[in-house]
Protein chains: 2
Amino acid sequence: MPKEVLFQKGVSMNRLQTLVRVADKGSISAAAGQDDLARQSQFSHQLKDLEISFGRKLTERRGRTLRLTPAGNRLATLMREHLLALSRFADEVNDEAFTVRIGAGESTLNWLLTPNLAKVDSPSLRVRWCFSTLHAEDIHERLLDQRLDFGIVRGLQTARLKLEKLGTLENRLFIPLALMPGPPSSALEAIASLPLALLEDGSRTRRDIENACLRESLKPHLLYECNTATQLASVIANNLAAGPLPELARAQFDRKKVFDIGLGGILKKDAPLCLVWNPRTLAMSSSLETLRQSLTKVLSTALRTKA
Amino acid sequence: MPKEVLFQKGVSMNRLQTLVRVADKGSISAAAGQDDLARQSQFSHQLKDLEISFGRKLTERRGRTLRLTPAGNRLATLMREHLLALSRFADEVNDEAFTVRIGAGESTLNWLLTPNLAKVDSPSLRVRWCFSTLHAEDIHERLLDQRLDFGIVRGLQTARLKLEKLGTLENRLFIPLALMPGPPSSALEAIASLPLALLEDGSRTRRDIENACLRESLKPHLLYECNTATQLASVIANNLAAGPLPELARAQFDRKKVFDIGLGGILKKDAPLCLVWNPRTLAMSSSLETLRQSLTKVLSTALRTKA
DNA sequence: ATATATACTGATTATGTAGTCATATATCTT
DNA sequence: AAGATATATGACTACATAATCAGTATATAT
């Protein structure tokens, strides 16, 4: 007969949830809220209670903050999954919206995902979407520990995640007609002659454009460094500069005021966009599996038709 | 930012564990122990508290006993896995023995598994073995809901379980020398002339032997119907009758007093023995995965060498 | 050295949960 | 209808956990 799985005193949902919160936020005070002294103290107590019952240190001081021991990390990972599964169960039996967490780059979220979500929603399942703007490495990490259900990235590969290609998404140069009355003979000509807006971080698009200018001994008029693709789009919409954006951004602009031109010779070919997920997460919920299929279909259609 | 997974009052480890216990035993009183009125009442309370917090009925009366609703079953399945994972975690951090639950037929447990377990144990991991004598269908069911970690069966196939062949295990007729001084020309001759012991249930071995006798118009002297293979072996060891047992049972007998002969033409060829497991169970624990490899190696070696 | 941020400790209260009892209700058996 | 079996309910106690407060300890920054 199998051993009775019997629980020690000292191990409660709440305490385990605290461990997960602290693991996610990286410290007790971050998890508790910086000013809430009472909660901070409570969390410290709860972690200690857990350590006593498991008979093993789960946290250790690292400088003046905290980090989890390997055992603590394992337990947090375990419980993150369990608590998520339970809260999904609670959602489903309540007929409340089923929460789906998806991470991608900002422009992908804005111009690919959001415009097409209406087609994904199924009548039998109301979905609450949680968007996270993240870089590929963070998406990878959060998919692994199940803080995300889906990610959309360019060609990420890893043993423990699954992925499916959605299609390719080209970057094009968007030019306000106010700055240049008609299409130039090449994108490079426009880049050389027009005020330019680029993303500030070391994105590949930016590097490629800078390299191309270097090759041709052109000096671009980089007047706007933007933090987000939305800002960049706004700069273009206000006729301040030309700038590179995914072709789907075209939907943002008035066609009579902004036109776009390919960056063929300038940018290296991008890897195709992929939907990525953790099979462990999907195994817990048939709804998520259904959603995955729907997402793949809708998004790859959108990329094919560039709608 | 992902929705905070926040837990309702009314949902505690203990209550969820009660749900699992009731699901396993099939009724409140069975889970509580037949005479313990206090626990019976407590369990009823706990289930009701859960239903209130989830806002959904988890049990329903079926006659005068209880059965879980579909939602209740889903929750029980979920929690069975979670509680198991937690207790395994607790075991491991405590350096206590890691519990492994394995199900198989009685003779397989006695003559294949038990004699070879010493070779499976690894120095880095003390294992506490829980044996369950079960039929193939029960093994299947318990692997699915993770009440078992491993099963050993003959050719079971299912989408949600994985399996690996270990090898073949022939049944042979064991004959006390006291009843028959030398090997007969065929097993059928022995069956026709000697007192016979068989298992009582409708096993394939028994059916095949009976059919063979029918074909040859022989009437076997079936004097012993045994409940277990061990009983059958005991009958043979006491010179009461001859009987069919897996060839590994040879280790049980004194070679000078019992000999065995193949049942080639009489029994249909058995499907090979397989180790079966639920990938979800193994994904939770690297120790189990290590153990699986070790088990496969040791048992298939044992079957090959018939040691 | 001082200030600040973070975490730990001990004591205390409020609340939630486990555990028990007596009894009621529902279902099945005879 | 009466008895047996299984579960449900309400009231209560004992206990465990959550929540709060005041104060201490430790590392980092200035």
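Helices (H or I, at least four residues) and strands (E, at least two) are DSSP runs, numbered from the N terminus. Residues are numbered from 1 along each chain as its sequence is written, while chains are lettered from A and ligands numbered from 1 in the order in which they are written. The model is predicted, and local features need pLDDT of at least 70, side-chain atom pairs count only at pLDDT 80 or more, and totals for chains, interfaces and linings use all residues.

**Chain A as a whole**

Select chain A, whose C-alpha atoms fill a box of roughly 80 × 50 × 35 Å along the principal axes, and which has 11 helices and 12 strands. Of its 307 residues, 35% count as buried, where buried means that 20 or more other C-beta atoms lie within 10 Å of the residue's own, exposed means 12 or fewer, and partly exposed lies in between, with C-beta atoms placed from the backbone.

**Two helices of chain A**

Next, select residues 13-25 and 70-93 of chain A, which are helices α1 and α4; their axes come within 9 Å and cross at roughly 110°. Axes here are lines fitted to C-alpha atoms, for helices over the stretch in contact, and angles run from 0 to 180 degrees between N-to-C directions. α1(A) and α4(A) are therefore roughly perpendicular to each other, given that angles under 35 degrees count as roughly parallel, over 145 as roughly antiparallel, 65 to 115 as roughly perpendicular and the rest as oblique. Among the residues that make the contact are A:L16 and A:V20 of α1(A) and A:M79 and A:L83 of α4(A), two residues being in contact if their C-beta atoms, placed from the backbone, lie within 7 Å.

**Where the chains touch**

Show both chains: the contact takes 32 residues from chain B and 32 residues from chain A. On the side of chain B that touches chain A, α1 (13-25), α4 (70-93), β3 (98-104) and α10 (279-283) of chain B each supply at least two residues, and α4(B) gives the most, with 12 residues. The residues on this side of chain B divide into 18 nonpolar, 8 polar and 6 charged; Ala, Val, Leu, Ile, Met, Phe, Trp, Tyr, Cys and Pro count as nonpolar, Asp, Glu, Lys and Arg as charged, and the others, Gly among them, as polar.

**A hairpin in chain B**

Move to residues 59-62 of chain B, strand β1, which 4 bridges join to β2(B) in an antiparallel arrangement; two strands pair if DSSP finds at least two bridges between them. B:R62 stands opposite B:T65 in β2(B), and in this hairpin, with 2 residues between the strands, B:G63 takes a positive phi near 65°.

Now select the open sheet of 3 strands in chain B, with the order β10-β7-β11 and antiparallel pairing. Its edge strands are β10 (243-246) and β11 (258-262) of chain B, each pairing on one side only, and the twist averages 40° from one strand to the next. Strand β7 (residues 171-176) of chain B is joined to β11(B) by 5 bridges, and B:I175 stands opposite B:F259 in β11(B).
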